[in-house]
Amino acid sequence: MALNQRDKEKIKDFVRYVAHIRPTPSLGKDLRKHVHELRSQGVTKLSGFFEEYIPELRSLMKNTKPPIEDCFLERANSANVPFWRLYSYVQEPLFDMYANEDLLKIIAKYYRSQPYYRRVPFLKESTNIPSKDITGLFHVDKDIFQVGVMTLITDISKNDPHMEVLLGSNKLVRFDRRGTYKAEDLLKKYSTYSLIGKAGDVFLFDNGSTIHRFFPGSEISKNNRIIAQSSLAPAQFRVNSESDFEPNSGELRKLLDSKRKSRLVRKSFDKITGPTV
C-alpha cells in the first residue's frame with residue numbers, strides 16, 4: 001500500500017511527538033495515581049478515557065476485510081479468534097488515541113525514561129470458547145519491559161471473555177522469557193484483577209513482567225470481547241517480525257532506524273535488553 005504525502009507527514013509528526021515526551025514529566029494528582037498503580041500492582045484503569053473514539057473504532061473494524069491478518073492465522077484458529085487485524089497509526093482514530101499526551105506522560109513517568117511504540121496497533125475479537133493458545137495460560141510477554149495499552153471497544157463483564165492479571169506479580173518476575181506458570185501456585189499468592197468495564201475504558205498493564213492470562217468467562221456469555229491494543233517500551237525499536245511497526249511503510253522504518261542509532265537510545269536499549277549487535 002503506497003502512502004500519500006499526507007500520511008507520510010502524519011507518520012513523521014507522530015514519531016516526532018512521541019520522541020519528544022519528557023522522560024520525567026510533571027503530572028497532576030490523577031495521573032500520578034495511575035503511575036503508582038502501575039508500579040505497585042502492574043495494572044491501572046483509565047475509565048472512559050477513549051470513549052469518544054468507540055464509534056470510529058467499530059466502523060474501522062466493520063469495514064476491514066478479511067477479518068484475520070495472515071501472520072495471525074494459526075494462532076487465531078487455536079485461540080478461537082474471529083477477528084484480529086493490524087492497523088497503521090495514521091488511520092483515524094488511532095493517530096489521536098496513541099498520541100494522547102496524558103497517556104504518554106503516564107508511561108514516561110513509569111519508565112523514568114523515553115517511551116516508544118514497539119509495534120502497530122491491532123483490533124481483536126475474542127470468544128468465550130477456551131483457548132488452546134498460550135494466552136489462555138498464565139504467562140508474561142516475551143522478554144521486553146513493555147506496557148500494553150488496551151482499549152475496550154465493547155462493554156465487558158466478569159462473565160464475558162476478558163483478561164486477568166495477578167496484582168503485584170510484576171515484582172516477582174522481570175524481563176522473563178515468554179513462558180507459563182502453574183495457576184494453582186499463583187492463585188494462592190496473588191489476587192486476580194479482571195480487565196472488565198465499559199466501552200472506552202483503557203487499561204495500562206506491564207505485560208512484560210505482570211503475569212496474566214485470557215479468561216474465557218462463562219459459558220452463558222453471549223458477548224465477545226473486542227479490544228484495540230498496542231505496546232510501548234523504553235527505547236525499544238527492535239523489529240521482531242513483519243507485524244512489528246508499520247508493515248507497509250518504509251518511511252517509518254527509516255525514521256525508527258535513525259532513532260535507534262542515536263547514542264541515548266542505544267544506551268537505554270542496551271540497559272534494558274543487553275548489548276545488541
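Phe 49, Phe 50 and Tyr 53 form one aromatic cluster in this predicted model. Rings of Phe, Tyr and Trp (its six-membered ring) count as a pair if their centres lie within 6.5 Å; planes under 30 degrees apart are stacked, those over 60 are edge-to-face and the rest are tilted. The structure holds 9 aromatic pairs. Among them, Phe 50 and Tyr 53 are edge-to-face, at 5.6 Å centre to centre and with 65° between the planes. Phe 50 and Tyr 53 are buried, a term that denotes under 20% relative accessible area, with exposed meaning over 50% and partly exposed in between (1.4 Å probe, protein chains only). Another edge-to-face pair consists of Tyr 89 and Tyr 98, at 5.7 Å centre to centre and with 80° between the planes; both Tyr 89 and Tyr 98 are buried.

Lys 124 lies over the face of Trp 84, at 3.9 Å from the ring centre. The criterion for a charge over a ring is that NZ of Lys or CZ of Arg is within 6 Å of the ring centre and within 35 degrees of the ring normal.

Residues are numbered from 1 along each chain as its sequence is written. Local features need pLDDT of at least 70 and side-chain atom pairs count only at pLDDT 80 or more, whereas totals for chains, interfaces and linings use all residues; side-chain values use heavy atoms, with hydrogens and water left out.

Arg 85 belongs to strand β2 (residues 83-86); helices (H or I, at least four residues) and strands (E, at least two) are DSSP runs, numbered from the N terminus. Arg 85 counts as buried because its relative accessibility is 14%. Its side chain makes a polar contact with the side chain of Glu 69 at 2.7 Å. A polar contact is a pair of N or O atoms within 3.5 Å; within protein, one must be able to donate a hydrogen and the other to accept it, and residues adjacent in sequence count only if both atoms are side-chain atoms. Leaving aside neighbours within four places in sequence, Arg 85 is in contact (heavy atoms within 4.5 Å) with residues including Lys 65, Pro 66, Glu 69 and Phe 122.

Strand β12 (residues 225-234) is largely enclosed by the rest of the structure, because 10 of its 10 residues are buried. Arg 225, Ile 227, Gln 229, Ser 231 and Ala 233 point one way from β12, while Ile 226, Ala 228, Ser 230, Leu 232 and Pro 234 point the other way.

| Strand paired with β12 | Bridges | Residue opposite a β12 residue |
|---|---|---|
| β3 (residues 115-117) | 3 bridges | Tyr 116 opposite Ala 233 |
| β4 (residues 122-126) | 5 bridges | Glu 125 opposite Ile 226 |
| β6 (residues 147-152) | 6 bridges | Val 149 opposite Ser 230 |

Backbone geometry is considered last. Most residues other than glycine have a negative phi, and most peptide bonds are trans. Lys 65 and Pro 66 are joined by a cis peptide bond with omega about -10°, and Pro 66 lies in the loop between α3 (54-62) and α4 (73-78). The peptide bond from Glu 92 to Pro 93 is also cis, with omega near 5°; Pro 93 is located in the loop between β2 and α5 (94-98). Asn 80, in the loop between α4 and β2, has a positive phi near 55°. Asn 80 counts as partly exposed because its relative accessibility is 26%.

Notes. Two strands pair if DSSP finds at least two bridges between them.
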